[in-house]
Amino acid sequence: MATFGKLTDGASSTASSADGKIVSAATPAATGVVQTLTARLWLSGSATGNVRGVIYSDVLGALTAASTLLAVTDDATFTNTSEAEVTMTFSGANLITVNSGTQYWIGIHVQDPGTESWNI
């Protein structure tokens, strides 16, 4: 099984108490079908976070209004208040093939968890 995208912990985190989308550029080294997306997420307090993984097309090295949403994971929830991996699964028509050497924009869309903040 091959992986692509950011595979190490970052040196910082981002928090928000609103709907949010965070993506980063990723280029697979091999062609294959994307099955899951994993992010390290947590909540600032007792709540439930709703999250989806997303894959967008690249347009001239950037994520732009012309980028196409290629695939979305099934909905996932998380309730942890300390950093933990949350894995989201692609299914059905969202099981797309990504091509070796082609840049994509991969990431997550998190719904507002209410009074608490979500963190990545």
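The legends below accompany several close-up views of a predicted model.

Figure 1. The chain contains zero helices and eleven strands. Followed along the sequence, its elements give the pattern β-β-β-β-β-β-β-β-β-β-β. Taken along the principal axes, the box filled by the C-alpha atoms is roughly 40 × 30 × 30 Å. Of the 120 residues, 32% count as buried. Among the contacts in the chain with a separation of 6 or more, 79% join residues 24 or more positions apart.

**Figure 2. An open sheet of four strands.** The strands of this sheet stand in the order β1-β11-β4-β8, and their pairing is antiparallel. The edges are formed by β1 (15–16) and β8 (84–89); each has a single partner strand, so one side of each is left without a neighbour in the sheet. Strand β4, which spans residues 36–43, pairs with β8 in the antiparallel sense over six bridges. Two positions illustrate this pairing. Thr36 has Thr89 in β8 as its bridge partner, and Ala39 stands opposite Val86 of β8. Strand β4 also pairs with strand β11 (residues 118–119), in the antiparallel sense and over two bridges.

Figure 3. Asn119 lies in strand β11, where Asn119 stands opposite Trp42. Is Asn119 buried or exposed? With a relative accessible area of 10%, Asn119 falls under the 20% limit and therefore counts as buried. Leaving out residues up to four places away in sequence, Asn119 touches Thr14, Ala15, Arg40, Leu41, Trp42, Leu43 and Ser44.

**Figure 4. Strand β10 and its two partners.** Strand β10 (104–110) is mostly covered, with six of its seven residues buried. One partner is β2, which pairs with β10 in the antiparallel sense over seven bridges. Within this pairing, the bridge partner of Ala25 is Trp105 in β10. Strand β5 is also a partner: β5 and β10 are joined by seven bridges, again in the antiparallel sense. Here Gly53 stands opposite Ile108 of β10.

Figure 5. Val54 is found in strand β5, which covers residues 49–57. The relative accessible area of Val54 is 5%, so Val54 is buried. Which residues are in contact with Val54, leaving aside its neighbours within four places in sequence? They are Val23, Leu37, Leu69, Ala71, Trp105, Ile106, Gly107 and Ile108. The view may also be used to compare positions in sequence and in space. Val54 and Lys21 are 33 residues apart in sequence, and their C-alpha atoms are 9.0 Å apart in space.

**Figure 6. The largest pocket and its lining.** The volume of the largest pocket is about 1,200 Å³. Its lining consists of 39 residues, of which Phe4, Gly5, Lys6, Thr38 and Ala39 are the closest to the centre of the pocket. Several strands take part in the lining: β2 (20–26), β3 (32–33), β4 and β10 each supply at least two residues. Which strand gives the largest share of the lining? That strand is β4, with six residues. By residue type, the lining divides into 20 nonpolar, 14 polar and five charged residues.

Figure 7. Leu60 has its place in the loop between β5 and β6 (69–72). Leu60 counts as exposed because its relative accessibility is 87%, and the limit for this class is over 50%. The backbone of Leu60 also deserves attention. Most residues other than glycine have a negative phi. The phi of Leu60, however, is near 55°, a positive value in a residue other than glycine.

Terms used. Residues are numbered from 1 along each chain as its sequence is written. This is a predicted model: local features need pLDDT of at least 70, side-chain atom pairs count only at pLDDT 80 or more; totals for chains, interfaces and linings use all residues. Side-chain values use heavy atoms; hydrogens and water are left out. Two strands pair if DSSP finds at least two bridges between them. On a 1 Å grid over the protein atoms alone, a cavity is a set of points where a 1.4 Å probe fits but cannot get out, and a pocket is an open set with protein on both sides within 12 Å along at least five of seven lines; lining residues have an atom within 4 Å of a point. Grid points are joined across faces, edges and corners, and a volume is the space filled by probe spheres set on the points. Ala, Val, Leu, Ile, Met, Phe, Trp, Tyr, Cys and Pro count as nonpolar, Asp, Glu, Lys and Arg as charged, and the others, Gly among them, as polar. Buried means under 20% relative accessible area, exposed over 50%, partly exposed in between (1.4 Å probe, protein chains only). Contact means heavy atoms within 4.5 Å.
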